Amino acid sequence: MIKMSSREIMNAQGFGSKKYSLDCSYYDKEFDSIDELIDDIASSGMDPNYEITCNGKGTGEEAIDMIPF
């Protein structure tokens, strides 16, 4: 039997790992941080006027609000 720490068990069950994306039907990329998501939006030309999601649930913030001008 393999022994796993409680942290390893939580990560295996999906706890502790967050994936950020956009609430947009055609944007299917996911990132480990909001910074990575914003970098991809800026470099790809994706419309930032979509709500950021964390593990598929809306955060209440739009990506445009995270972009410094």
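This is a predicted model: local features need pLDDT of at least 70, side-chain atom pairs count only at pLDDT 80 or more; totals for chains, interfaces and linings use all residues.

Colleague: With which side chain does the side chain of Asp40 make a polar contact?

Modeller: Asp40 lies in helix 2. Setting aside residues up to four places away in sequence, Asp40 touches Tyr27, Lys29 and Phe31. The polar contact of its side chain, at 3.2 Å, is with the side chain of Lys29.

Colleague: Which element gives the most residues to the largest nonpolar core?

Modeller: That core has 13 residues, and Tyr27, Leu37 and Ile41 are among those with the most contacts inside it. Strand 1 (20–22), helix 2 (34–44) and strand 2 (51–54) each give two or more residues to this core. With three residues, the element that gives the most is helix 2.

Colleague: Which residues does Tyr27 touch, not counting residues up to four places away in sequence?

Modeller: Tyr27 is one of the core residues with the most contacts inside the core. Beyond four places in sequence, Tyr27 touches Ser21, Leu22, Leu37, Asp40, Ile41 and Met46.

Colleague: What pattern does the protein chain follow along the sequence?

Modeller: The protein chain has two helices and three strands. Read along the sequence, these elements follow the pattern α-β-α-β-β.

Colleague: What percentage of the residues of the protein chain count as buried?

Modeller: The protein chain exposes about 5200 Å², of which carbon and sulfur atoms supply 50%. Of its 69 residues, the buried share is 25%.

Methods. Residues are numbered from 1 along each chain as its sequence is written. Side-chain values use heavy atoms; hydrogens and water are left out. A nonpolar core is a set of buried Ala, Val, Leu, Ile, Met, Phe, Trp, Tyr and Cys residues joined through side-chain atoms within 4.5 Å. Buried means under 20% relative accessible area, exposed over 50%, partly exposed in between (1.4 Å probe, protein chains only). Helices (H or I, at least four residues) and strands (E, at least two) are DSSP runs, numbered from the N terminus. Contact means heavy atoms within 4.5 Å. A polar contact is a pair of N or O atoms within 3.5 Å; within protein, one must be able to donate a hydrogen and the other to accept it, and residues adjacent in sequence count only if both atoms are side-chain atoms. Accessible areas come from the Shrake-Rupley method with a 1.4 Å probe; for residues, only the protein chains shown count as cover.
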